[in-house]
Amino acid sequence: MKQSGEDKRLTDYLLGNLPESEEIRLEEQYLANSDAQDRLAAVEDDLVEAFLEGQLSARERKQLEARFLASRRGRRKLELAKSLMALASQQKPVQEPKPSPFYPLRWVFTTAALLLVFALGWWMSVNMRQSSTSERAASQSNGTNAQKGPAVAHPTQTPVPTANPPENTNPTMIASIVLSPVARNTDQSARLTIPQGARTVQIQLDLEVDHHKSYRATLLGAGDEPKLNRRHLKAESTRSGRAVVLSLPASLFEQGEYTILLGPDQNGSTPIAEYTFIVQKK
Amino acid sequence: MLSKDALEKLLVHLDEDRERAGEKYETLRLGLIRFFEWRGCAFSEDHADETIDRVARRVVQGEEIRNIHNYTAGVARFVFMEIMKEREKQQIALRQLPQDPGREETPDDDTRGKCLRRCLQALGPESSQLIMDYYRDEGRNKIDLRKKLAEQRGISAHTLRMRLQRLRDRLEECIADCLNSRSQSDQ
């Protein structure tokens with residue numbers, strides 16, 4: 001079983017191969033930190049899989065049988081992995097979609113549609129420019145440029161009284177994103193672009209069902225380390241249905257991948273939904 | 001059995017903020033359950049509670065505990081040593097008795113299979129497909145396939161692994177509930 005340094009250490013712990021002093025250090029960590037427990041649980045799964053695939057040495061097999069697999073949860077985990085492997089081997093892999101024979105024809109239609117859109121856009125912009133020139137002559141006004149669209153990050157600015165506001169200095173600048181639970185999102189992870197100067201990140205977590213009075217959200221970094229915990233969150237109605245909306249400081253985010261776990265607001269409850277997104281900073 | 005007063009004092013020791021103390025208590029208890037499971041104990045929850053009980057009693061007695069997690073790990077080790085001694089005694093006694101396999105009652109494969117299918121369905125089509133894909137191959141093919149699954153989703157291999165771990169946890173919980181309700185309806 002080939003592993004990285006940290007995983008090797010955790011595997012050695014689970015098999016009982018670590019020196020006592022290191023064992024105690026690790027125990028101290030996972031008794032205080034649920035993230036450390038999760039990492040050990042992931043290694044536990046790898047070990048069970050390796051056991052079933054015959055990748056463990058005779059000694060390691062014996063150690064695992066005498067330790068984790070002797071516990072009730074260990075046996076349950078072994079049964080589950082065995083059943084999943086059997087079921088998965090019976091299932092045919094999902095075929096990647098083959099290009100249809102009308103594929104080249106589809107391109108022709110798409111290109112024609114795009115040309116039509118461009119032409120229409122150009123005609124409208126010429127018209128609008130002409131009418132706005134005459135309106136500006138009569139009066140000058142400011143407006144918001146806030147827009148909202150699903151799964152698209154965008155800066156939102158409140159009206160600024162000056163004629164030419166300096167770029168990216170507005171303290172209320174917001175970057176926002178609408179996320180669907182992972183189960184509904186099989187494509188690429190959503191991307192959140194945080195423009196320079198943004199103070200707040202607003203994240204809308206769409207719910208498939210709203211069964212709980214309040215929710216708890218945990219933001220995890222790329223290494224699955226918890227970055228933030230929010231409790232007592234209430235679901236609200238949005239255009240796409242029920243959702244939990246989080247407002248977080250933009251300074252919390254670096255470039256990279258993030259996951260939000262959403263669950264009922266009770267200690268020790270299992271998350272009911274998971275949302276993954278990638279942050280890009282401009 | 002942990003008294004209310006002892007629990008209160010232990011919570012204060014974990015954190016002054018009541019809510020955070022509750023969370024830390026849950027993490028500590030779950031960590032202890034894992035501690036005993038990883039050593040092959042059948043009654044890990046009972047042993048975890050016994051450990052917490054002993055730590056709380058020390059707190060009530062006013063013992064100065066600088067690092068509660070380090071201290072608890074030490075107490076858990078003592079509890080485990082006692083379990084081992086007890087186990088040895090029982091094994092000696094059992095060897096002197098006529099053989100009785102005393103098999104643990106396990107649900108049949110058919111029931112387990114039905115529960116597994118039902119719970120996979122409950123996870124939703126994409127999640128259950130992800131689990132199936134994750135377990136499809138073996139050896140080198142498996143590694144390549146998992147790498148591809150992560151790439152398709154634009155996430156790292158580590159995130160995929162942790163996501164699968166959480167999905168399996170939900171699946172395990174659902175299967176345990178399903179098996180329980182089926183055994184209750186059989187009675």
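Me: Which strand is β2(A) joined to, and do the two run parallel or antiparallel?
Reply: In this predicted model, β2(A) is joined by 6 bridges to strand β4 of chain A, residues 200-206, and the two strands run parallel.

Me: What stands opposite S176(A) there?
Reply: S176(A) has Q202(A), a residue of β4(A), standing opposite.

Me: And is β2(A) mostly covered or mostly open?
Reply: Strand β2 of chain A, which spans residues 174-179, is mostly covered, with 5 of its 6 residues buried.

Me: Switching to the open sheet in chain A, what is the strand order?
Reply: The open sheet is formed by 5 strands of chain A in the order β3-β10-β9-β5-β6, and the pairing is mixed. At its edges are β3 (190-194) and β6 (226-233) of chain A, each of which pairs on one side only. On average, and with direction ignored, neighbouring strands of this sheet are turned by 25° against each other.

Me: How many bridges join β5 and β9 of chain A?
Reply: There are 6 bridges between strand β5 of chain A (residues 215-220) and strand β9 of chain A (residues 256-264), and these two strands run antiparallel. Within that pairing, A217(A) stands opposite L262(A) in β9(A).

Me: Now chain B: how many residues of helix α6 are buried?
Reply: Helix α6 of chain B, residues 125-134, is mostly covered, since 7 of its 10 residues are buried.

Technical notes: Residues numbered from 1 in each chain as written. Chains lettered and ligands numbered in written order. Predicted model: local features only at pLDDT ≥ 70, side-chain atom pairs only at ≥ 80, totals over all residues. Heavy atoms only, no water. Buried < 20%, exposed > 50% of the residue type's maximum accessible area, 1.4 Å probe, protein only. Helix = DSSP H or I, 4+ residues; strand = E, 2+ residues; numbered from the N terminus. Pairing = 2+ DSSP bridges. Axes fitted to C-alpha atoms, helices over the stretch in contact; angles between N-to-C directions.
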